[in-house]
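Please keep the sequence and the structure in view while reading.

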Amino acid sequence: MPYEFDEILETIKMTEIEHFDIRTVTMGISLRDCADRNIEVTKQKIYEKILKFAGNHVKIAEEIERKYGISIANKRVSVTPISIPFGSFTADEYIQIAETLDKAALEIGVDYLAGYSALVQKGMTTGELELIKSIPGALANTKTICSSVNVGSTKAGINMDAVLIMSETIKKTAELTADRDSIGCAKLVVFANAVEDNPFVAGAFHGVSEPEVVINVGISGPGVVLEAIKSAGNVSVQELAEVIKKTVFKITRAGELIGRKAAEMNGVEFGIVDISLAPTPAEGDSVGDILKAMGLEDVGAPGTTAALAMLNDSVKKAGLMASSSVGGLSGAFIPVSEDQGMIRAVEKGNLSLEKLEAMTAVCSVGLDMIAIPGKTPAETIAGIIADEAAIGIINDKTTAVRIIPAVGKDVGDSVDYGGLLGKAPIMEVRELSPAAFVRRGGRIPAPTRSLTN
Amino acid sequence: MNISEELIRKITLQAIEELGEKATTENVKQVVSKSLEKLGAEEQTFKTTPEDSGRVILTSFGLNHPGIVSGITAALSEAECDIHDISQKLMGEFYTMIMIIDITNSKKDIKQLQEDLNKVAEKLKVKVYLQHEDVFRYMHRI
């Protein structure tokens, strides 16, 4: 037999018991040729282009799922940051574009369409400002649209004006979707060093240097890694790193296969595999549980950052060996609401916002899916965003903030979205005010690290 | 095929020329959208992958009892599948069986086979998984 008995059973165990799945197959579509002076023509062009390229996206993904016996949790579409090709429109017109995108996404059957975005790390154009103004309305009026704004980069520094505007935008988005636990904020990411080929929402967009259409794949295997660590028993951390690498290697290979097939069947280019360990709210599919299996009493214990750093590094090393198309964020995600282990740690009071922030310095991607009291002032949120962006630009890595100031809720309550977005207990935020600092405005200059030439 | 604006313009001009004096906004639009539909239809037929080996791996496990192999192979033979390799292990009262099957000449595709085998599996009260060989090749071979 060309394969060993154990090899075959290992794959079956991964896909059937340990929740190994492809988290997302995301089709990136350039909308740069859809601009027109007339908003109606623009909307029609956008709609037609998405339907033309992604019309069979879901059908093909389902066919691949059946063929290889690996489930594909999400089929998604990302588009060119909307503020780039459509910079001449006003906030109201942008909302119409969001509604058109939503209509197209529902028509082709994807669960999210991301790229309602602007890249403003160095400054804002009129169009970008209009787009940011339109974000709360766009997220409140649509079901599938995800938005992201990049406010900092190692090369440009941090645009503090944009940080403050974004914190106000987050507050407004929360208010406009207050009747649904402020769900709009779960679809809004503030980035530093955003990547152009990230397949994961809510932060995905189809970067300007990308081809016309591309397929990117995000894998998800915390459950598989957890089982491997558990069965490794009491070994040294070096041996543990080895176990993690071997496991991630295999799931990355499967991810690459799925991505290449999806691209081939769609007749488009294959982009990258994002090897991020992306948890889901399913029991056992948790990065928090991996950290506990490594020997921590709970997430948040001293040593958490070190354990996470090792996990994240092992994931990258294995992924790099397994595929020459590794890209996107590629690390370990620690979204609170989407990870049972993290939810439990927060509920028990073991994991604070400050410890989470330290953890984001060593993994992708940042303070993700964190619910805070609705009364938190915009300036405090701006301070949180600026801190996270600073970690990103100084360490030359992507960081993000997806934070939910849940209207009418306080510590002790929780928000529950069900499905992949999960449930988030409200976390305590320190009440010390950074208002005078964040209201200074301007731009934090690029760090010395930006001068690499 | 990529339908560019230039192509649409060309089709429109030709339609106007051919319709001559009869050309109105309405009928030009009709002719053009019909030709575009035709182009679109040609575009929709997507190809199957030529380098696929056509080999799938069947894994089955559950409580051992007589008739499992015969039940599964009967379904495979009915679908004209070629069994390349077969291997079985018993662990106490549990059994595990793995088969490598060539479905190139089968009248059914992998989806239909999966449906057939699911019915068999339900009747035999065992689990049967059918996956294309590539996933094992990618995960376990460099």
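The model is a predicted one.

**Layout of chain B**

Chain B contains 5 helices and 4 strands. Read from the N terminus, these elements follow the order α-α-β-α-β-β-α-β-α. The chain is divided into two domains, with domain 1 covering residues 5-44 and domain 2 covering residues 55-140. A distance of 52 Å separates the C-alpha centres of domain 1 and domain 2 of chain B.

Of the 142 residues in chain B, 36% are buried. Among the contacts in chain B with a separation of 6 or more, 67% are made by residues 24 or more positions apart.

**Nonpolar cores**

In soluble globular proteins, nonpolar side chains tend to be buried together. The largest nonpolar core in this model has 158 residues. Those that touch the most other members are Leu31(A), Ile82(A), Leu101(A), Tyr116(A), Leu311(A) and Leu356(A). Helix H8 of chain A (residues 237-266) supplies the largest share of this core, namely 12 residues.

Leu356(A) shows what such a position looks like in detail. Apart from its neighbours within four places in sequence, Leu356(A) is in contact with Ile334(A), Val336(A), Met342(A), Leu351(A), Leu367(A), Ile370(A) and Met427(A).

**Aromatic rings**

How many aromatic pairs does the structure hold over all chains? There are 3, and two of them are set out here.

| Pair | Arrangement | Centre to centre | Angle between planes |
|---|---|---|---|
| Phe200(A) and Phe333(A) | edge-to-face | 4.8 Å | 75° |
| Phe61(B) and Tyr129(B) | tilted | 5.9 Å | 45° |

In chain A, Phe200(A) belongs to the loop between strand S6 (188-192) and strand S7 (213-220), while Phe333(A) belongs to the loop between helix H10 (304-322) and helix H11 (340-347), so their pairing ties together parts that are 133 residues apart in sequence. Both Phe200(A) and Phe333(A) are buried.

The pair in chain B also links distant parts of its chain: Phe61(B) is in strand S1 (residues 55-63) and Tyr129(B) is in strand S4 (residues 127-132), 68 residues apart. Tyr129(B), at 16%, is buried, because buried means a relative accessible area under 20%.

A ring may also face a charge. In chain A, the charged end of Lys103(A) sits over the ring of Tyr47(A), at 4.7 Å from the ring centre.

**Gln114(B)**

Where does Gln114(B) lie in chain B? Gln114(B) is part of helix H4, which spans residues 110-124. With a relative accessibility of 13%, Gln114(B) counts as buried. When neighbours within four places in sequence are set aside, Gln114(B) is in contact with Arg66(A) and Leu130(B). Its side chain reaches the backbone oxygen of Arg66(A) at 2.6 Å. From Gln114(B) to Val135(B), the separation is 21 residues in sequence and 16 Å in space, taken from C-alpha to C-alpha.

Note on methods
Residues are numbered from 1 along each chain as its sequence is written. Chains are lettered from A and ligands numbered from 1 in the order in which they are written. This is a predicted model: local features need pLDDT of at least 70, side-chain atom pairs count only at pLDDT 80 or more; totals for chains, interfaces and linings use all residues. Side-chain values use heavy atoms; hydrogens and water are left out. Helices (H or I, at least four residues) and strands (E, at least two) are DSSP runs, numbered from the N terminus. Buried means under 20% relative accessible area, exposed over 50%, partly exposed in between (1.4 Å probe, protein chains only). Contact means heavy atoms within 4.5 Å. A polar contact is a pair of N or O atoms within 3.5 Å; within protein, one must be able to donate a hydrogen and the other to accept it, and residues adjacent in sequence count only if both atoms are side-chain atoms. Rings of Phe, Tyr and Trp (its six-membered ring) pair if their centres lie within 6.5 Å; planes under 30 degrees apart count as stacked, over 60 as edge-to-face and the rest as tilted. A charge sits over a ring if NZ of Lys or CZ of Arg is within 6 Å of the ring centre and within 35 degrees of the ring normal. Domain bounds come from an automatic or database domain assignment. A nonpolar core is a set of buried Ala, Val, Leu, Ile, Met, Phe, Trp, Tyr and Cys residues joined through side-chain atoms within 4.5 Å.
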